[in-house]
Amino acid sequence: MATTEAAPGQDLPADREVLDWALFGVAVRELAQAVVDSGFTPDLVVAVARGGLPPGGAIAYALGTKSVGTLNVEFYTGVDERLDEPQLLPPLLDTDALHGLTALVVDDVADTGETLALVQRLVAGHCAEARAAVLYAKPRSVVEPDYVWRRTDRWITFPWSAEPPVQAAPA
């Protein structure tokens, strides 16, 4: 079955992490609890689109943080296939509005860590403090997120990318 995580004609690895919606709920609550337990209180959650949108919104709710922004980044084009470097896509976050704030950058996974590093540098350059939270971190990541729910070296299937895109019904 084609999914949004695989390129056309590409198969998913048989040995992979699979996060379903029920476990996702547990994961974001545990990740939010780790943020609270650390004493960090973000003024803003910045979700890295697209994979960071579901955890970013859920963590913002769990923390009671009403300000949520997004940064759109394209890097992966399929399973273990990516561009040479992550690319920011419009619309861009209003970085002038970040001055003096504390921010929590949220993504689904720090795989190579290149996307998270790009977003964290951009946000940290405008905020009083910026930390990062991810559901999963992989050992090859070039950054160490401040908050990690689980660590793995396997491919991860997330519930929001496990199904193929919706198609128009036949006429």
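Helices (H or I, at least four residues) and strands (E, at least two) are taken as DSSP runs and are numbered from the N terminus. The structure described here is a predicted model, in which local features need pLDDT of at least 70 and side-chain atom pairs count only at pLDDT 80 or more, while totals for chains, interfaces and linings use all residues. Residues are numbered from 1 along each chain as its sequence is written, and side-chain values use heavy atoms, with hydrogens and water left out.

The protein chain has 3 helices and 8 strands, and from the N terminus on these elements follow the order β-α-β-α-β-β-β-α-β-β-β. Of the 171 residues in the protein chain, 45% are buried, where buried means under 20% relative accessible area, exposed over 50%, and partly exposed in between (1.4 Å probe, protein chains only). Contact is defined as heavy atoms within 4.5 Å. Among the contacts in the protein chain with a separation of 6 or more, 71% are accounted for by residues 24 or more positions apart.

Helix α1 (residues 21-38) and helix α2 have axes that come within 9 Å and cross at roughly 55°; axes are lines fitted to C-alpha atoms, for helices over the stretch in contact, and angles run from 0 to 180 degrees between N-to-C directions. The two helices α1 and α2 are therefore oblique to each other, given that angles under 35 degrees count as roughly parallel, over 145 as roughly antiparallel, 65 to 115 as roughly perpendicular and the rest as oblique. On the α1 side, Phe24, Val28, Arg29, Leu31, Ala32, Val35 and Val36 meet Pro54, Pro55, Ala58, Ile59, Ala62 and Leu63 of α2. The residues of this contact of α1 with α2 divide into 12 nonpolar, no polar and 1 charged, with Ala, Val, Leu, Ile, Met, Phe, Trp, Tyr, Cys and Pro counted as nonpolar, Asp, Glu, Lys and Arg as charged, and the others, Gly among them, as polar.

Within helix α2 (residues 53-63), the buried residues are Pro55, Gly56, Ile59 and Ala60. These residues cover an arc of only 135° around the axis, which puts them on the same side of α2, the arc being that of the directions from the helix axis to the C-beta atoms. The helix α2 is followed by Gly64, whose phi is positive, near 75°.

Val35, placed in helix α1, is buried, with a relative accessible area of 1%. When residues up to four places away in sequence are not counted, Val35 touches Phe40, Pro42, Leu63, Leu104 and Tyr147. Although Val35 and Ala132 are 97 residues apart in sequence, their C-alpha atoms are 9.7 Å apart in space.

Ala133, in strand β6 (residues 129-137), counts as buried at 0% relative accessibility. Apart from residues up to four places away in sequence, Ala133 touches Leu31, Leu104, Val105, Val106, Asp107 and Tyr147.

Strand β7 (residues 147-151) contains Trp149, which is buried, with a relative accessible area of 14%. Beyond its neighbours within four places in sequence, Trp149 is in contact with Leu19, Leu23, Ala27, Glu30, Leu31, Val134, Leu135 and Tyr136. A separation of 9.8 Å is found between the C-alpha atoms of Trp149 and Val109, which are 40 residues apart along the chain.

Arg154, by contrast, lies in the loop between β7 and β8 (155-157) and is partly exposed, with a relative accessible area of 25%. Its contacts, leaving aside neighbours within four places in sequence, are with Asp15, Arg16, Glu17 and Lys138. The C-alpha atoms of Arg154 and Val18 are separated by 9.8 Å, these two residues being 136 residues apart along the chain.
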